[in-house]
Amino acid sequence: MQKISRRTFVESALATGAVALLAPRSIKAADSRIEILINEPIGPIAPEIYSHFMEHLGGVIYDGVWVGERSKIPNYNGIRKALVDNLKRLKPGVIRYPGGCFADQYDWRDGVGPRDKRPTRVNFWADTHYKTTKAYEDLEAGPQKYESNHFGTDEFVSFCKMVGAQPYLAANVRSRDVRVFLEWLEYCNAPPDLTTWSTERAKNGFRDPHRVSFWGVGNESWGCGGDFMPEEYATELRKFTAWLPTYGVQLKLIGSGPNGGDVNWTRKVFEGLAQKGSRQIAKLYGWGLHYYCGSTGQQVANEFTVNEWYDLLERANRMESLIEDHWRVMGELDRERRVKLVVDEWGAWHKQDPDMPPGYLYAYAGTLRDALISALNLDTFQRHADKVAMANPAQLVNTIHSLFHTYEDKFVLTPNYHVFEMYLPHSGATGVRTEFVAPKVSFTRLDAQRKEVPVSFWGLNGSASLKGKQLVLTVVNPHHNQERETEIAIRGAAIKSGEIRALTSTDLHTRNTFAIPRALEPKDSPLNANGSTITFKFAPASVTRLLFDLT
Ligand code: AHR
């Protein structure tokens, strides 16, 4: 009860001007307030919240990740060196592969063994997305159109090892049966020389098991993953998770969860599992949730109005209620809370940059707006550290909400990359409850009758975490041109010293391109602070990290 009333009190105090009672010094200087309650832990922030996703789609694998061993582009055994070096710095938790929709049309056996003997297939995305468009005719006969299978399970696991991430493989539920999944498990995890598939793995140069823990059971099974009804998918899920050999590896199975707000999918699948006994639910480690906030107007990453700036941020903010809604429904059938949410696809989704070749589906360099979307999503996951076990933006490189943008020898870090770098100190820390009070931002949106309606949302939001004596506070100021002067109060400790790292620009459309690769980068500045309360100005349109050493 007290937890709920504190926010209500602070909000109503600000609204009525009675805030002086709460913080006598704040009323003159600051119009906003952040209160960090370091003695109110939410839970550990799983390093897996800092995970990634890469699919055989457009220029993600071929060019983005895999350039080939004989390429002039610097590489480690065929894998783009710049990608490895930069991704490693982000200490990625998990990398999900091979899809996405691609996973449910993929046979893992095509992607192992000598590369020159691997079969060529039509890529799922070329086949489904392009087929009906003019772009299909323009698409050259490269690996984006005809899947060469030069990058497969062994290359993927090698990439994960290079960057220090855990592999997360998605099994094909739509077009392959359980047996193919079992063989993939055997290939990856069976001890050397004992079985046919582990002998095959050793022949391919990998004597030691890959020890893959994370396995997805299909992908978007309500859509490209089979157009299942939830009751049907529940049956598949039971079948695919029944009596699996572990080979000494703790399996962490992830069910194909809802499309955005479809709580009916969550409820019906969980009910379908529970019908056979609650042990069926306990077999799952995670429940996938996919949510893309989309784009605005012309759908182009770097063309938007101020109104559209707010519109997309507000839609990204929907992640919070999605987590809460699905979590509530999951709890109806999983009272012991054994299953956590795995947000294994998230981000904005704009149109492909016309300067990129047709095969590079949805490839573009995101802007400052995308950076704020990354930050507000990571903050949301951290505010729900007790519910979210993993999160993977879609996707790592060259498509949708990517951290890297490449074309042949060109390579840039996108604004999303910088947010991941800034937020890294949260990983593995304990999330602590933090209250934000600030004037709301407002904009207008067309309703179903195409009438302009006013919409508003928070004027400052973020998350805080504690690791030993280090307190990290990350904050998004969505206002396009107003700074927010804010009193920050730390309840339960005092500050010894602090640092500031902020990502912002006076131009909302700033992005890093091949021509200007470092247009948007975070900047550091010192923070003179002591005591338990400071006043700080959050720049307009910014992501800020404040790092405090506590006494
Ligand atoms: O990330 C691109 C696609 O979006 C994925 O393949 C699919 O799961 C989702 O619809």
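How many bridges pair strand 8 (residues 166-171) with strand 9, and in the parallel or the antiparallel sense? The two strands pair in the parallel sense over four bridges, where strands are DSSP runs of E of at least two residues, helices are runs of H or I of at least four residues, and both are numbered from the N terminus. Two strands pair if DSSP finds at least two bridges between them. Before we go on, a word on the model: it is predicted, so local features need pLDDT of at least 70 and side-chain atom pairs count only at pLDDT 80 or more, while totals for chains, interfaces and linings use all residues. Residues are numbered from 1 along each chain as its sequence is written, and side-chain values use heavy atoms, with hydrogens and water left out.

A171 has V217 of strand 9 as its bridge partner. Both strands belong to an open sheet of eight strands, ordered 2-5-8-9-10-11-12-13, with parallel pairing. At its edges are strand 2 (52-53) and strand 13 (388-393), each of which pairs on one side only.

Now look at the cysteines. A disulfide is a covalent bond between the sulfur atoms of two cysteines; here the criterion is a pair of cysteine sulfur atoms within 2.5 Å. Searching the whole structure turns up one disulfide. Its partners are C101 and C224, with sulfur atoms 2.2 Å apart. The link joins distant parts of the chain, 123 residues apart: C101 sits in the loop between strand 5 (94-97) and strand 6 (121-122), and C224 in the loop between strand 9 (214-217) and helix 10 (230-240). The angle about the S-S bond is -85°, which makes the link left-handed. C101 counts as buried because its relative accessibility is 11%, while C224 is partly exposed at 22%; buried means under 20% relative accessible area, exposed over 50%, and partly exposed in between (1.4 Å probe, protein chains only).

C160 is buried at 1% relative accessibility, and C293 is buried at 4%.

C101 also leads us to the ligand. Surrounding the ligand are 14 residues, the closest being E55, C101, E220, Y292 and E345, with a heavy atom within 4 Å as the test for being near. By class, this shell has eight nonpolar, three polar and three charged residues. A polar backbone atom of C101 lies 2.8 Å from an oxygen atom of the ligand. From side chains, a polar atom of Y292 is 2.7 Å from a ligand oxygen, and an N or O atom of Q395 is 3.0 Å from one. Taken alone the ligand exposes 280 Å², of which the protein buries 93%.

Our last stop is strand 22 (residues 495-504). This strand pairs with strand 25 (residues 542-550) in the antiparallel sense over nine bridges, and R501 has R545 as its bridge partner there. Strand 22 also pairs with strand 23 (residues 523-527), again antiparallel, over five bridges, with G498 opposite L527.

Terms used:
A polar contact is a pair of N or O atoms within 3.5 Å; within protein, one must be able to donate a hydrogen and the other to accept it, and residues adjacent in sequence count only if both atoms are side-chain atoms. Accessible areas come from the Shrake-Rupley method with a 1.4 Å probe; for residues, only the protein chains shown count as cover. Ala, Val, Leu, Ile, Met, Phe, Trp, Tyr, Cys and Pro count as nonpolar, Asp, Glu, Lys and Arg as charged, and the others, Gly among them, as polar.
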